[in-house]
Every structure is written in C-alpha cells, then in structure tokens.
Amino acid sequence: MHFHKYEKIWLVFGICSLIIFLSVVGVGAFGHDHQPSGGMDTIDPEKISETPPFDQPGVRKLDDGTYEAAIVAMAFGYEPKEIKVPVGSKVVFKVTSKDVIHSFSIIDTNVNMMVVPGHITTKEHTFTEPGSYLVICNEYCGTAHHLMSTTIEVVNE
Ligand code: CUA
C-alpha cells in the first residue's frame with residue numbers, strides 16, 4: 001500500500017495530537033485524584049433493605065442544623081414517602097437505587113444526583129427558604145418515569 005507524503009504527515013500529526021490530548025486528560029484526572037462528584041461509596045443492591053442507613057430510609061439528625069437523608073430510589077418512586085426538615089438545615093443526601101438508574105433532582109437548587117444501582121450518591125444542600133421542594137427523576141427509567149417524583153418539606157420550627 002502506498003501513502004502519499006502529505007497523508008503520512010497528517011497521520012503522524014493526528015496520532016501525536018491524540019496521544020498529547022489523552023495524556024493531558026489522564027494526568028489531569030489521576031494526578032489531581034479526580035472522583036465522581038457523588039462519591040465512591042458502593043452497596044450491594046440486593047441487600048439495601050439490610051444495609052444501614054438504607055434499612056430505615058428517612059431523615060436523621062446528625063447534629064444541630066445538620067441532617068442525613070437516606071433515600072432509596074426505585075421504579076417509580078422514592079422511600080421514604082415524606083422528607084421534612086427545618087428551614088436553615090444542611091441536609092446530607094445519601095441516595096441509592098434498588099433497580100435501574102434514576103436521578104434525584106431537586107428543582108430550583110443545584111442538587112441533581114444520578115442514582116446508580118450498586119452505588120451510594122452523596123450530596124449536601126442547605127435549605128435557606130421554607131417551602132415545598134419538588135424532586136423529580138431525570139433519567140428515563142421505564143413507562144412511569146414521568147410520574148416519579150416526591151417533595152421535600154422545609155418548615156419553620
Ligand atoms: Cu426514575 Cu426516571
């Protein structure tokens with residue numbers, strides 16, 4: 001097979017750019033110890049109902065003004081049914097899935113967690129305004145995906 005000289009130059013240029021690009025991305029990611037934004041925790045999806053804190057989904061007080069919300073996502077809803085916290089609280093959401101990929105996206109906040117079976121996704125949020133916050137699933141998960149939602153009640157104490 002015969003390559004034209006310009007073709008060879010372009011091939012070498014293309015391969016070198018690819019190597020440089022992948023090295024920059026690779027060194028950046030490994031060198032700075034990048035991790036998925038929701039954390040690296042894992043869980044056996046078949047043992048969710050026996051694994052704390054998901055054996056008792058709900059909101060727990062950690063200390064003054066800080067709460068942990070353990071939430072299990074499934075087709076097509078979330079456990080617990082009710083999530084209620086006082087205004088001003090910092091809530092550490094820990095979410096996992098029993099079946100397929102879902103999301104836990106709180107409207108009008110920057111909480112938009114991907115919920116993957118086998119993984120525990122963690123994200124903190126401080127609720128500074130009272131109200132009823134709508135939570136929806138952003139990942140297509142089946143025929144009733146559009147019905148998958150819940151609310152977080154942020155109340156004045
Ligand atoms: Cu769960 Cu879409």
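**Figure 1. Elements of the chain.** The chain holds 1 helix and 10 strands, where helices (H or I, at least four residues) and strands (E, at least two) are DSSP runs numbered from the N terminus. From the N terminus, the elements follow the order α-β-β-β-β-β-β-β-β-β-β. The model is predicted: local features need pLDDT of at least 70, side-chain atom pairs count only at pLDDT 80 or more, and totals for chains, interfaces and linings use all residues. Residues are numbered from 1 along each chain as its sequence is written, and side-chain values use heavy atoms, with hydrogens and water left out.

Figure 2. Helix α1 spans residues 5-31, 27 residues in total. From its first C-alpha to its last, α1 reaches 38 Å, close to the expected 39 Å; the expected span is 1.5 Å times one less than the number of residues. The helix is hardly covered, for the count of buried residues among its 27 residues is 1; buried means under 20% relative accessible area (1.4 Å probe, protein chains only). Just after α1, Asp33 adopts a positive phi of about 55°.

**Figure 3. Extent and burial of the chain.** Along its principal axes, the C-alpha trace spans about 75 × 35 × 30 Å. Of the 157 residues in the chain, 34% are buried. Among contacts (heavy atoms within 4.5 Å) with a separation of 6 or more, 56% are between residues 24 or more positions apart.

Terms used. Buried means under 20% relative accessible area, exposed over 50%, partly exposed in between (1.4 Å probe, protein chains only).
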